Amino acid sequence: MRRILYIVEKEFKQIFRDKMMKPILFIMPVVQLAVLSYTADFTVKDIRIFVQDQDISPLSKQLINKVSASDNFTLLGVSYSYEEGINEVEKNKIDVILTIPEHFSRNFNSQRKTALFITADAINSSKAGISINYLQNIIRDFQVEQAEKKGIQVKPGIEVITRNWYNPDLDYKFFMVPGILVLLVTMIALFLSGMNIVKEKEIGTIEQLNVTPIMKYQFIIGKLLPFLIIGLVEFTVGLLIALYWFKVPFLGSIPLIYMFTFVYLILILGMGMFISTITETQQQALFLAWFFSIVFILMSGLFTPVESMPDWAQKLTYLNPIKYYIEVIRLVMLKGSSFSSIKVNFLVIVLSAIFINMAAIRNYKKTA
Amino acid sequence: MIKVENITKNYGDVKALKGVSFEVKKGQLYGLIGPDGSGKTSLFRILTSLLMPSSGKATLSDYDTVKDYKKIRKIVGYMPERFSLYMDLTVEENLNFFATVFNTTVEENYHLIEYIYKMLEPFKHRRAGALSGGMKQKLALSCALIHKPEVLLLDEPTTGVDPVSRKEFWEMLKMLQETGLTTLVSTPFMDDAELCDEVALIQDGNILKIDTPANIAASYPHKLWKVVTENNYNTLKALDKLDGKISAFSFGHSVHLATEDRVPEDSIKKHLVDNNIKIENIEPIKASIEDVFMELMR
């Protein structure tokens with residue numbers, strides 16, 4: 001026990017004596033959480049639109065006004081020619097072109113069928129899709145408005161009323177902040193522990209340690225504990241920022257989320273230790289840790305929903321610890337779920353934690 | 001105390017040790033002398049149980065390095081070739097750390113390291129990384145001694161250390177020997193060898209000779225001359241054609257020339273003068289271990 005505590009003490013001394021470590025541990029995550037949470041926004045704003053108006057009628061003017069009045073669109077030009085618009089698209093100055101054809105108002109007023117034409121720059125396909133969607137909504141509204149003005153009864157279709165539970169204003173931050181918090185905690189824990197044993201290999205101190213009677217488990221626990229503590233502190237700081245800066249609601253139980261975080265950290269630290277035992281240099285460890293974190297992050301459901309992934313990829317996400325944790329943190333924070341709703345996730349994380357830590361201990365050889 | 005029996009170690013096709021045997025008696029200061037790449041470090045790593053031999057057997061205090069590795073680690077103090085303490089911990093913290101890892105305290109065994117540690121004391125709050133080479137080495141030795149080992153294994157402790165610190169270091173080893181400690185030390189420096197009780201000369205994974213330094217030096221089979229001239233290179237070239245020459249090596253500012261017994265001083269002088277070499281001094285000398293080593297390697 002005294003040995004373990006002394007290793008813990010030694011690790012803390014080493015971490016805090018490293019001049020770069022303090023900013024890495026405490027400033028970087030805060031900046032990341034703040035910046036990423038503001039930037040990882042899926043709503044598309046300021047779509048640059050160009051209108052090709054071949055109708056040049058009061059009606060087309062009204063439509064143009066309605067588009068430019070929208071928050072989502074910035075009107076950057078109106079012209080009779082299509083060429084002018086497409087040239088701007090090529091220069092990457094325009095995202096969408098709305099074409100109002102000749103006889104638009106005549107056809108509309110005489111209740112004949114009429115069409116509008118939308119051209120979108122689909123280099124960024126999701127942005128293009130969202131832009132078209134917004135534009136269609138505006139046009140639909142416009143149609144209803146104009147029809148009502150004329151006293152024409154628009155055929156009643158099915159009216160859909162939506163209500164967004166757990167995030168009524170659809171504030172993307174409520175959705176993103178807990179997820180980004182998970183990423184930060186994961187990255188810090190994985191990289192710190194991944195670099196650690198391999199660092200002792202690299203500077204040669206492992207040679208001296210290996211000839212001592214220290215037991216494997218004492219060594220690994222002594223190495224895990226400091227990072228577990230750092231991970232929990234990191235999580236707490238991030239959680240406070242989420243709650244008090246981003247005003248993310250916290251409906252669930254705080255002890256529950258800490259219990260889950262605790263087990264989750266043991267899993268991630270174990271993964272780091274495992275990486276550390278199979279590599280020889282910090283560079284190798286860094287690349288491996290980076291590889292895993294990128295794959296886990298992109299397949300976590302944070303940036304793209306798991307449900308929209310291909311079938312095989314969806315199956316792969318069952319192996320992704322970040323996915324389980326993001327699900328849990330969202331459930332507990334936003335939905336106030338209790339243990340029974342997260343017990344599957346909890347079980348998966350506990351079992352993986354046991355498995356990976358056993359593997360790390362097995363793999364850490366005191367002999368060459 | 002240390003028994004090495006027919007140890008071999010292969011790394012793939014590379015044979016690092018080709019059947020090494022020797023024995024170190026309790027309380028001896030034993031030197032393993034050999035150039036870089038001769039297998040010294042592999043042997044040390046086998047003795048410290050960090051490496052498994054390909055064949056053969058080694059015991060320390062009757063504990064087998066493979067089977068009883070746990071016991072070995074309690075009785076061995078090891079100083080690896082590379083400085084391997086924590087550069088970002090202070091002198092004191094390093095010492096405390098290794099004492100704790102060995103389940104002891106600095107106070108308990110302070111008497112063992114007192115002499116060495118006194119020299120380090122003024123720097124005890126300095127980080128190990130900021131110490132000079134000689135100080136680092138004293139710290140490493142203190143850390144290797146802090147758990148009161150029965151056997152001290154020092155892998156090239158004097159490599160990269162200035163001559164004054166090297167001398168000091170050997171004085172420390174002599175003092176430690178008086179406490180009854182058994183020490184095995186490897187070194188590529190022949191002058192270190194003369195300070196050991198017994199030495200084993202090792203090259204290419206083979207032991208060439210085992211004896212006391214004095215006996216080894218006395219075993220030199222030829223007549224040896226020290227020739228001082230202005231230029232060793234020209235002298236060596238000229239000596240190539242000397243009748244009765246066995247070998248000639250550059251030794252600092254002089255040349256050590258081995259000849260058959262029949263060759264008199266005058267004929268060497270004459271040969272050199274004939275070859276336009278200006279002689280500053282020529283005298284017969286006693287062979288050192290280095291001469292023996294050069295002879296064995298020839």
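Across the interface of chain B and chain A, 15 residue pairs are in polar contact, both partners at pLDDT 80 or more. By polar contact I mean a pair of N or O atoms within 3.5 Å; within protein, one must be able to donate a hydrogen and the other to accept it, and residues adjacent in sequence count only if both atoms are side-chain atoms.

Which elements give two or more residues to the side of chain B that touches chain A? They are α2 (69–75) and α3 (91–101) of chain B, helices being DSSP runs of H or I with at least four residues, numbered from the N terminus. The most comes from α3(B), with six residues.

A quick word on the model, folks: it is predicted, so local features need pLDDT of at least 70, side-chain atom pairs count only at pLDDT 80 or more, and totals for chains, interfaces and linings use all residues. Side-chain values use heavy atoms, without hydrogens or water.

Back to the interface. Chain B brings 28 residues to the contact and chain A brings 25 residues, where contact means heavy atoms within 4.5 Å. The buried area between the two chains is about 2,800 Å², with 57% from carbon and sulfur atoms; that is the accessible area (1.4 Å probe) that two parts lose on being put together, summed over both.

Now the charges. There are three salt bridges between chain B and chain A, each a side-chain nitrogen of Lys or Arg within 4 Å of a carboxyl oxygen of Asp or Glu. One of the salt bridges joins A:K13 and B:E93, at 3.3 Å from N to O.

How values were computed. Residues numbered from 1 in each chain as written. Chains lettered and ligands numbered in written order.
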